[in-house]
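The report below is written to be read alongside the sequence and the model.

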Amino acid sequence: MDSHIYDVSEKTLFLFTLLCFSVASISALPHQNRTGNSTVAGQMINSNSVLVALLDSHYTELAELVEKALLLQTLEEAVGKHNITIFAPKNEALERQLDPEFKRFILEPGNLKSLQTLLLFHIIPQRVGSNDWPGHKSNPTRHATLCNDHLHLITKNSGKKFVGAAVLTRPDDVTRPDGVIHGIERLLVPQSVQEDFNRRRNLRSISAVLPEGAPEVDPRTHRLKKPEPPVRAGSPPVLPVYDAMSPGPSLAPASAPGPGGPHNHFDGESQVKDFIQTLLQYGGYNEMADILVNLTSLATEMGRLVSEGYVLTVLAPNDEAMAKLTTDQLSEPGAPEQIIYYHIIPEYQTEESMYNAVRRFGKIGYDTLRLPHKVVAQEADGSVKFGSGDGSAYLFDPDIYTDGRISVQGIDGVLFPEVEKESTSVKKSVSSVKVATTTPRRVEHMQEQEIAWTSSSDVSRLLWKELDVD
């Protein structure tokens, strides 16, 4: 009996000893590992941690950079091992006082390592309070940072405390059991990050520099510039004033040789096909596209011109304007070609170039493929107006198509040369019945008897002869 009681007592004593050993083991665990409420990578972070305080503090710019740099897990591991000290630049230093080019550099995805090094340079893996700064008579203290670099703490004779080159503006701003945050006036940049930035900036600047001795092209003649002799002081200008101020004959890139030279420098037919397709997709210019493709062979001729190196600007009347053309105006042999020829300028002009020209010079006369007639442009109501009187048209659909060779500008009327308008007005008094039935509101009849239309092939040969370039 006693033995049984003795056996029970022995087992009870063994269990009691095991329980005491377990309680002692649990009490020996670190405080943050027992009271934390979030776990990342096996480390317990207390809600009263300095990292939580940083994310909730007024140092929002620094906290955002820490998240972008993917450093939260690294800092949690550092807090789990020892106290830390964070030197936090104020928001203004990271928002407005930071070099925009440097900020762009550290935020690029390819420079993540540099951003991490930059931020870890602001963290010391030990607790350094404001009372731990050396006095102004003492030597600076040197502390290792989490990026394996060093920071120097110093106090000047004025009493100001410095971290490297930054002034300590808010000492002990945030204090927690596992760390402290000090506010500083500026961002601290380690030497390694500065060298990476300088290397990237130098490479970018070098790539934008024109190589020494590279040939230069004269924008007026599209030929290589020859070295010019030095001009003496007081000599007259090399170019006349008008040539120096007026817009050039073409804003397009250097053209290929004209007729007689090597052919097929450009695929002009594909470019013409592309701009006609753009007209159709844009909408409202189906009549113009129909004349170019179906009623005439102008699309093919324009493609040959562009292949030879010429540039063209097409003033395209919209469908509403084309609908006002009468049957008599389109029924004469070669009439559709002559109408379109008057709407094609053998220059490359955009809305901006034409508007700047008419604003500077008042009126501009552009040569057309309908030789020798010109189309006159002037400024009106903040836009470009072509022609005059009832036969004028406004540029209202600018830059429908611009590829450096062909420019298409939409206008709201069909243009006719002034000579035809005068002859048409004389003809009105002879056949008043015809005028009453067929004259459109803004477009007069074309000359029917004084001008003999040539066939499409004759016009083509005449065009090549007039536009022949040596």
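## Strand S3 and its sheet

Ile86 stands opposite Ile123 in S4, and S3 and S4 pair in the antiparallel sense over 2 bridges; two strands count as paired if DSSP finds at least two bridges between them. The model is a predicted one, in which local features need pLDDT of at least 70 and side-chain atom pairs count only at pLDDT 80 or more, while totals for chains, interfaces and linings use all residues. Residues are numbered from 1 along each chain as its sequence is written, and side-chain values use heavy atoms, with hydrogens and water left out.

Helices (H or I, at least four residues) and strands (E, at least two) are DSSP runs numbered from the N terminus, and the protein chain has 20 helices and 16 strands. Of the 470 residues in the protein chain, 41% are buried, where buried means under 20% relative accessible area, exposed over 50% and partly exposed in between, with a 1.4 Å probe and protein chains only.

Strand S3 (residues 84-89) is mostly covered, since 6 of its 6 residues are buried. Ile84, Ile86 and Ala88 point one way from S3, whereas Thr85, Phe87 and Pro89 point the other way, and all are buried. S3 also runs parallel to strand S9 (residues 179-184), to which 6 bridges join it, and the bridge partner of Ile84 in S9 is Gly179.

These pairings belong to an open sheet of 7 strands with mixed pairing, in the order S4-S3-S9-S8-S7-S6-S5. Its edge strands, each pairing on one side only, are strand S4 (123-124) and strand S5 (141-144). S5 pairs with strand S6 (residues 150-155) in the antiparallel sense over 4 bridges, and the bridge partner of Thr141 in S6 is Leu153.

| Strand pair | Sense | Bridges |
|---|---|---|
| S3 and S4 | antiparallel | 2 bridges |
| S3 and S9 | parallel | 6 bridges |
| S5 and S6 | antiparallel | 4 bridges |

## A helix pair

How do helix H4 and helix H8 pack? Helix H4 (residues 60-68) and helix H8 (residues 112-120) pack at an angle of about 135°, and their axes are 10 Å apart; the axes are lines fitted to C-alpha atoms, for helices over the stretch in contact, and angles run from 0 to 180 degrees between N-to-C directions. H4 and H8 are therefore oblique to each other, given that angles under 35 degrees count as roughly parallel, over 145 as roughly antiparallel, 65 to 115 as roughly perpendicular and the rest as oblique.

Leu62, Leu65, Val66 and Lys68 in H4 meet Leu112, Leu115 and Leu119 in H8, contact being heavy atoms within 4.5 Å. The residues of this contact of H4 with H8 divide into 6 nonpolar, no polar and 1 charged; Ala, Val, Leu, Ile, Met, Phe, Trp, Tyr, Cys and Pro count as nonpolar, Asp, Glu, Lys and Arg as charged, and the others, Gly among them, as polar.

## Backbone details

Leu70, in the loop between H4 and helix H5 (72-81), has a positive phi near 60° although it is a residue other than glycine, and Leu70 is exposed, with a relative accessible area of 59%. Asp381, which is not a glycine, likewise has a positive phi, of about 55°; Asp381 lies in the loop between S13 and strand S14 (383-386) and is exposed, with a relative accessible area of 75%. A cis peptide bond with omega of about 0° joins Leu371 and Pro372, and Pro372 has its place in the loop between strand S12 (363-367) and strand S13 (374-380).
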